[in-house]
Amino acid sequence: MKLFVLGGTQFLGRAVVESALERGHEVTLFNRGRTNPDLFPEAEKLRGDRALDPIPDGDWTAVIDTSGYVPAVVRRSAEALQNSVERYLFVSSVSVYAGFSEGPTEDSERARLAKGQPDDELLSSYENYGGLKALCEDVVTDVYGERAIIVRPGLIVGPHDPTGRFTYWPHRIACGGEFIVPGRPEEQVQFVDARDLGAWMVGLCERHETGTFNATHPGLRWAELVESCVRVTGSDGQPVWIDGDWLAEQGVGQWMDLPLWLHNPESVGMMHADVSRALAAELTFRPLDDTIQGTLELAETTDDAGLKPERERELIETWRRS
């Protein structure tokens, strides 16, 4: 198979290319050459900005678009490649849905841009992210029809994750001591290792699949995540389970202050996405311990994700006094 990848050298795209090359496929990368430009010497590398420069002609089995956020830019790539590829796989997001009071299926209502929000830029607040992804999906299906593959991942995690979101947990628990875990041990979290997702998307192209897929793990209990992190790191860390309502009252923010945590009733459905369609299309998952080990070795924490140590200690002490 000959694969054309828009992006391909940072996180999910990197996992896609690694899988494709391991399986013996020919890979052509089109990107600006700013992120890890020396990766994949065996791949063909074409340099350019997809928003500004001509999209190259060629003859490929499929394109995997890991870097499409603005409809006009996606249309530019989709139309330029429509006679060069058999399939166009667009990486969207589970954030494409209009609401999360319940777990979404692929047929759930999608987000729309609010009045006054631009359709040609991604705002720094990401408030129009889902609406833009929905419009990008429409572009791909408009141009490719039944040749389109739309993948809607949940939170993508694992090696080379630049966001620090999932990464916070293995690294924090490795540090030992008491650490806060929000809510109850039996509550569910969903995420997907970039390596599993990347390999599966290559497989979709190999099998000439079409359609739309939610793509994340069916779900794990918080307790499973914590226990795996303790086991893999060999940590003496002790979880302190704190009620979600109380944390919210203390001003602890869901998702970024405590990554993976969704407490608002209008948000919790994001951790309950229906992935039965992807499972039927052969999406599989490595052991959780493997994801945690890869994260520890090849992903770093960020200042944007997770509680600062002094804030965490303060919350634990206040919780116990209450």
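Residues are numbered from 1 along each chain as its sequence is written, and side-chain values use heavy atoms, with hydrogens and water left out. As the model is predicted, local features need pLDDT of at least 70 and side-chain atom pairs count only at pLDDT 80 or more, while totals for chains, interfaces and linings use all residues.

Helices here are DSSP runs of H or I with at least four residues, strands are runs of E with at least two, and both are numbered from the N terminus. Helix 1 (residues 12-22) and helix 5 (residues 194-206) have axes that come within 8 Å and cross at roughly 55°; axes are lines fitted to C-alpha atoms over the stretch in contact, with angles running from 0 to 180 degrees between N-to-C directions. Helix 1 and helix 5 are therefore oblique to each other. For such angles, under 35 degrees counts as roughly parallel, over 145 as roughly antiparallel, 65 to 115 as roughly perpendicular and the rest as oblique. The crossing of helix 1 with helix 5 is right-handed, that is, the near helix is turned clockwise from the far one by less than a right angle. On the helix 1 side, the residues in contact (heavy atoms within 4.5 Å) are Leu12, Ala15, Val16, Ser19 and Ala20, and they meet Ala194, Arg195, Leu197, Gly198, Ala199, Met201 and Val202 of helix 5. By class, this contact has nine nonpolar, two polar and one charged residues. Ala, Val, Leu, Ile, Met, Phe, Trp, Tyr, Cys and Pro count as nonpolar, Asp, Glu, Lys and Arg as charged, and the others, Gly among them, as polar.

Helix 2 (residues 71-81) and helix 3 (residues 129-144) pack at about 20°, their axes 9 Å apart, and are therefore roughly parallel to each other. Their crossing, too, is right-handed. Pro71, Val74, Arg75, Ala78, Glu79 and Leu81 in helix 2 sit against Leu132, Leu135, Cys136, Val139, Val140, Asp142, Val143 and Tyr144 in helix 3. That contact divides into eleven nonpolar, no polar and three charged residues.

Then there is helix 6 (residues 222-233), whose twelve residues reach 17 Å from first C-alpha to last, close to the 16 Å expected at 1.5 Å a residue (1.5 Å times one less than the number of residues). Its buried residues are Trp222, Ala223, Leu225, Val226, Ser228 and Cys229; buried means under 20% relative accessible area, exposed over 50% and partly exposed in between, with a 1.4 Å probe and protein chains only. Gly234 follows helix 6 and has a positive phi, near 70°. Pro287 is in the loop between helix 8 (276-280) and helix 9 (288-298) and is exposed, at 55% relative accessible area.

Among the buried positions, Leu6 belongs to strand 1 (residues 2-6) and has a relative accessible area of 0%. The C-alpha atoms of Leu6 and Asp65 are separated by 5.0 Å. Beyond its neighbours within four places in sequence, Leu6 has contacts including Phe30, Arg50, Val63 and Tyr88. Val151, in strand 6 (residues 148-153), is likewise buried at 0%. With neighbours within four places left aside, the contacts of Val151 include Leu197 and Met201.
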